[in-house]
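I opened my notebook to look up pockets and salt bridges. Here is what I went through.

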Amino acid sequence: MIREARVFADSANLTRAVAEESLRITNDAIAQRGRCAICLSGGSTPKAINALWAREYSSRMPWNQVYLFFGDERYVPQDDPHSNYRMARETLISQIPIPAQNVHPMPTNFPKPDDAAKEYESQLRQFFGAQPEFDILFLGVGGEGHTASLFPGAASLQETQRWVVYAEVPPEPHQRLSLTYPVLNRAHNLFFLAEGPGKREILQAIRRDPGGPTSQYPAARVSAPHIVWFIDQPAAF
Ligand code: 6PG
């Protein structure tokens, strides 16, 4: 089930639309609440929006009132090539005037990864209070329908209380931290970004899928109130 899909001729048009929509939401959030909480996705797709934000929105986005979090992380050191934080630091964070204290990477230096998950949840609860309501939460989708580090058949799909869990997943790096559906489903604006021909098959499958809590595709289980799929033509069904 894909209720709202915005299809763009190419990555440049898609990325521009994401940047403008994000700017609008950010300004609204700051006008209403004095801050904007954005949750970044991992993987490679976000590199394009990060580059545009860094290149053209460094002064247009009110970064000093934006707070950045992460939807999932590979349990590796922050300078590891697989680190989602490293990717975000290199393509975005190091190039925009955002205060260091506004950036919340998932910790990956605890001996027990589950303790790192608990620490991040504590940071989220300290920031949000009772409900983790991101103004914008970005997600990607993998070929088998995973999103964040929620993979088909995983126990993490059933989590209803914890906001952050440790999970071992099929692809390398196997050890991950991930936000859970209780957090994803509270986002005010949830943006899936899917680009390239490699996403076409899974997008067709998700489009045909009824979605909901029993879907075989974790991405299709997400039930936030406002979900938008930003898709480029090569990925379009
Ligand atoms: C991760 C991501 C993951 C990603 C999808 C799509 O840590 O890998 O959070 O869920 O969004 O695998 O990845 P691409 O953007 O690289 O296609």
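How many residues of the lining of the largest pocket are nonpolar, polar and charged? I found nine nonpolar, 12 polar and four charged. Ala, Val, Leu, Ile, Met, Phe, Trp, Tyr, Cys and Pro count as nonpolar, Asp, Glu, Lys and Arg as charged, and the others, Gly among them, as polar.

I noted the sources next. This is a predicted model, where local features need pLDDT of at least 70 and side-chain atom pairs count only at pLDDT 80 or more, while totals for chains, interfaces and linings use all residues. Residues are numbered from 1 along each chain as its sequence is written, and side-chain values use heavy atoms, with hydrogens and water left out.

Then I looked up salt bridges (a side-chain nitrogen of Lys or Arg within 4 Å of a carboxyl oxygen of Asp or Glu). The count comes to 12.

I picked Arg33 and Asp135. Their closest N and O atoms are 2.3 Å apart. Arg33 lies in helix H1 and Asp135 in the loop between helix H4 (113–128) and E5, so the pair ties together parts 102 residues apart in sequence. Helices (H or I, at least four residues) and strands (E, at least two) are DSSP runs, numbered from the N terminus.

Buried or exposed? I checked the rule: buried is under 20% relative accessible area, exposed over 50%, partly exposed in between (1.4 Å probe, protein chains only). Asp135 is buried at 3%. Arg33 is partly exposed at 43%.

Last, I looked for a network. Salt bridges that share partners join Glu4, Arg6, Glu21, Arg24 and Asp28 into one.
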